[in-house]
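Student: Could you walk me through this structure before I look at it on my own?

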Amino acid sequence: MKVRLNKFLSEAGVASRRKAEKLILEGKVKVNGEVVTNLATKVDPQKDIVEVEGRVVKPQRKRYIILNKPCCYLTQLGSSPDGRKTIQELIKDIPERVFPVGRLDYNTEGLLILTNDGDLANRILHPRYKLSKVYLALVEGKVSMNTLKKMRKGIELEDGFAKPDDIRIVRYEGKDTLLEITFHEGRKHIVKRFLGSFGHKVKRLKRIAIGPIKLGKLSPGKWRDLNKGELALLFKAVGLKPPYR
Ligand code: URA
């Protein structure tokens, strides 16, 4: 299948799509021996030979990884200007340029999907595909049945209405309550803001599933590749054909 040249270059880890466009415009990219400067150029990654400044660019293998992000890591690649740890440290042994699909807050733990497959990433994040994100939230105070009912009906937040797809009490822990809450949208701090607006501050938050992908027993700070079965379910959930059969 043919893809835009800048997309091919970014997926091969050469540069971001924007920077790849710059390289093309600067005449630094050749396709089958010819310099191309047309940004609309498409290439077949299996057949065409692409060179950047004289070096042949190999298409990257697609990687699909899950990471159990521990507390106190920023969801970003590279280092942070304020010296806080980033998830880069946890995935430094992965040669492909995988990037996180969405974000977890600095102090949120749990399931993060990382991939170099931009199409899949876009669909996981797009509300149209309603991929559910399931969280365990330990909140201050005892959530009453009455409050739980109100939570199920949803509430107006400062940036619009929010209603979980599902919410249940897992158990009471001393003076606190452990809730399982599911949203398919990804507004910033949605779980903390939603529960906080009912007077229940979130003390600990962990994502345990994204659509059909479950965190399972993966230890904090560890990552693994998704297996074929998981990929088939994930691709199906967002209306794409799986990459492997
Ligand atoms: N909702 C939050 O409040 N924080 C997260 O990290 C994810 C969802």
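Tutor: What follows is about the ligand and its surroundings. The model is predicted, with local features needing pLDDT of at least 70 and side-chain atom pairs pLDDT 80 or more, while totals for chains, interfaces and linings use all residues. Residues are numbered from 1 along each chain as its sequence is written, and side-chain values use heavy atoms, without hydrogens and water.

Student: Which residues surround the ligand?

Tutor: Around the ligand are L104, D105, T108, Y135, H189, I190, V191, K192 and L205, each with a heavy atom within 4 Å of it.

Student: And which domains do they come from?

Tutor: Domain 2 (64–128 + 212–237) and domain 3 (132–210) each supply at least three residues of that shell, with bounds from an automatic or database assignment.

Student: Okay, where are the polar contacts (N or O pairs within 3.5 Å)?

Tutor: A polar side-chain atom of T108 is 3.0 Å from a ligand oxygen, a polar backbone atom of K192 is likewise 3.0 Å from a ligand oxygen, and a backbone N or O atom of V191 lies 3.2 Å from a ligand nitrogen.

Definitions and conventions. A polar contact is a pair of N or O atoms within 3.5 Å; within protein, one must be able to donate a hydrogen and the other to accept it, and residues adjacent in sequence count only if both atoms are side-chain atoms.
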